[in-house]
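Thanks for coming. I will go through one structure today, part by part, and give the definitions as they come up.

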Amino acid sequence: MKKKTKTIYSAWFLAPAVIIFGLLFIIPTVISLFFSMTVWDLSSFRWVGLQNFIDFFSEYSLRIGIKNTFIYAAATCVLKVVIGLLFAVILTSKIRTKNLVRSIIFFPNLISTVAVGIIFSALMHPSKGLFNEVLGFLGIGGINWLGDRSIALYSVIMTDVWKGVGVATVIYIAGISAIPKDYYEAASLDGATSVKQFFTITIPLCRSSINSVIILAFIGGMRTFDLIWSMTGGGPGFATDTIASVIYKQYAAGFYGLSTAGNVIMFLLIAVIAFPLFNYLTSKEVEV
Amino acid sequence: MKKMIITAVLTAALAAGTLFGSSVPAEAAGTDYYDETVTLSLLVDQDWLNTYEPALQALSDAALEKFNIEIELENKTNGSDGDNIVKTRLAAGEMTDLLIFNSGAQFTALNPNEYFVDMTDSSFMENVDENFKEAVSVDGRVYGIPVTSSNVGGIVYNREIYEELGLEIPRTWDAFMSNVEACEAAGYVGVLGSCSDAWSSQYTLLADYYNVQAENPRFASDFEAGKAKFANTPAALRSWEKLSDLGGHLNDDYMATTVTDGFDKMMEENAPAHFPMTSQFFSYIEMMYSREDADKFGIFPIPGDQEEVNGFTVWMPNGLYVNKESENAEAAMKFVEFYASEEGMDIFKENAKADGPYLIKGVDLPEDSYQGVLELQAYFDEGRTSLALEFQTALKGASCDQICVECISGSMSAEEAASVYDDDCKKMAQQLGLEGWE
């Protein structure tokens, strides 16, 4: 057999990836940019320029929506990062039943989000829900979890953390297991306490896992829709609307152009925040 | 548990319907009879089916007998998610042969001339009520027939509580509010709120339209033309104020109460005395409880500010539409014609109760209708009714239900809610391309 001299692959090898990426991502993106400047009923359209963007920003519920989206993204992100890390440290230590507990923590993630939403809205029902029955049994007055506009958003955030913390934990476990044991041995020989080891070895060396969790949780939080929609529908009133639920409601009302404009705005907003955040975080990573 | 009972009741009713259906004589079958069974798919929402499945089933059994047409039901969810399914299926060309869907603004928003068979010149249309035709027309072309009776919006009240406390049906809003307070003083919840289903919070506002129209007969057309707004028309602003007045008189868990929960609450001890709803309330109560229970309730119009002005706002029922692209459009039209015929309506009436007068000529309100519904006839006879705003103009703000919840919960004042709603309507008007809204 003749020995191959050419070591560089033909550019055609890129073709499948480029075609798929182009068909499924680039073309729809360009088309949606176009339709975001029209009044569109799926079969015919009328050009309106930037009017949709102006309308979208003048939407009453959007002010609440943007604020809620940031609260939601920040709160779920922080909670998942902290609680996930805690679980991971516990679950990589030498405790028994660790595999069972790992599975239990990961299980909520296997359930469909909408199902979780429906289950939790039943649990949080003010007069018939399990949460308030338990509180009542303990002699504490019931909380209107989803009906009180000042706490409804936080009830959804807690549910999201319950569901999502398993993924964070698994990523952390992978990161922590990859840290060579030598560092810990050396540190304990030098007399470092386990708290000190945690802050000087575990955290710096699983930085890349922390970064993945932050990015995933933050982007997930910014885009959040399914849980909000199945638990509160953006209500009471507009109290738990997020950018995504505002967009969905416009889509549901038949304002296709307007909701496409909303999606373009959300895409830009997430990109503007996520890329610098990603660059900043990865610049802090160190080699293990 | 309740669900199971309902299912059992429905199943029993279904079985009864089937028996009835098969008793329709087969000799009616003539040239209209298809040699091979034609199966028509029909998309309808589950809430509607909960009440009318027996009637629809009986009609479809009769159609099988008479024309060899079989109806296959597909159900969808209610509310804006359900509207989405319809819009998406229409746009994707995957609509069923037949569709049961709202009439009025929601129907006209579907672009009917593009998707549905024009029934304007069909002979059976002569018997359909003009108001209903108006509600399913675009540019003078008519696209559907009424599937049930009309219904009215108002305030459902508990007759037993009214008797016990010696209250009278209020003719003014102030009298109504003092009735509410009297009920609360006696330990009842004044008004039932079911804001978990946000759409149900709109009835106080929408059913007050009789009073708006009484004061501003041209409101609907001025509103569509962008000349009249809720915020600057005193009578229309009054509707929002009434909604806002209800806050503080509701059940504690009104934010988490769904409409179905609400029906249950109305039957509990110390039940709420009032529930802003439509006259469809009675058939829901019969379905979930019993006929006697349904007759414990009555309905009165949203009171105005003068005793002399007192009437109901009328809702048009859902329509039955035929998909233009359907391969079986001809058979589907045959089913529609049968539905709207006297024979079809007789079958319907045997299997379903009326929520108000029927909209097909020659079809009277049966004498065994609910007490609350029979009492409506007087209002219709005296002409003390007006069509709800959403049947007079295609313009209805998309966030109306959420704004109503904001207003009822007190987080928006009536003035604020009215002006936010005006902005919401402006957006809809621009999307619809209406004149005068730039």
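How far apart do the end C-alpha atoms of residues 199-221 of chain A lie, and what percentage of the span is helix? They lie 27 Å apart, and the span is 96% helix and 0% strand. Before going on, note that this is a predicted model, in which local features need pLDDT of at least 70, side-chain atom pairs count only at pLDDT 80 or more, and totals for chains, interfaces and linings use all residues. Residues are numbered from 1 along each chain as its sequence is written, and chains are lettered from A and ligands numbered from 1 in the order in which they are written. Helices (H or I, at least four residues) and strands (E, at least two) are DSSP runs, numbered from the N terminus.

Now the record for chain A. In an unreviewed entry, UniProt lists "transmembrane region" at several stretches of chain A, among them 104-124 and 199-221. Positions are in the numbering used here, feature names are shortened, and annotations may be inferred rather than shown by experiment. For residues 104-124 of chain A, the end C-alpha atoms lie 22 Å apart and the span is 67% helix. UniProt also places "domain: ABC transmembrane type-1", again from an unreviewed entry, at residues 66-277 of chain A. The ends of that span are 19 Å apart by C-alpha atoms, with 74% helix and 0% strand.

Next, helix α2 of chain A, residues 51-58. Its buried residues are A:Asn52, A:Asp55 and A:Phe56. Buried means that 20 or more other C-beta atoms lie within 10 Å of the residue's own, exposed means 12 or fewer, and partly exposed is in between, with C-beta atoms placed from the backbone. Seen down the axis of α2(A), the buried residues fall within an arc of 100°, so they line one face of the helix. The arc is that of the directions from the helix axis to the C-beta atoms. On the other side, A:Ile54 and A:Ser58 are exposed. The cover over the buried residues includes α3 (60-92) and α13 (256-283) of chain A, together with α21 (414-432) of chain B.

α3(A) also meets helix α12 of chain A, residues 243-252: their axes come within 7 Å and cross at roughly 145°. Axes here are lines fitted to C-alpha atoms, for helices over the stretch in contact, and angles run from 0 to 180 degrees between N-to-C directions. From α3(A), A:Ser61, A:Leu62, A:Gly65, A:Ile66 and A:Thr69 meet A:Ile243, A:Ser245 and A:Val246 of α12(A). Two residues are in contact if their C-beta atoms, placed from the backbone, lie within 7 Å.

On to the two chains together. 25 residues of chain B are in contact with 24 residues of chain A. On the chain B side, α3 (79-91), α20 (400-408) and α21 each give two or more residues. α3(B) gives the most, with 6 residues.

Finally, chain B as a whole. Its secondary structure comes to 21 helices and 12 strands. The C-alpha atoms of chain B fill a box of roughly 65 × 55 × 40 Å, taken along the principal axes. Of its 438 residues, 53% count as buried. Among contacts in chain B between residues at least 6 apart in sequence, 80% join residues at least 24 apart.
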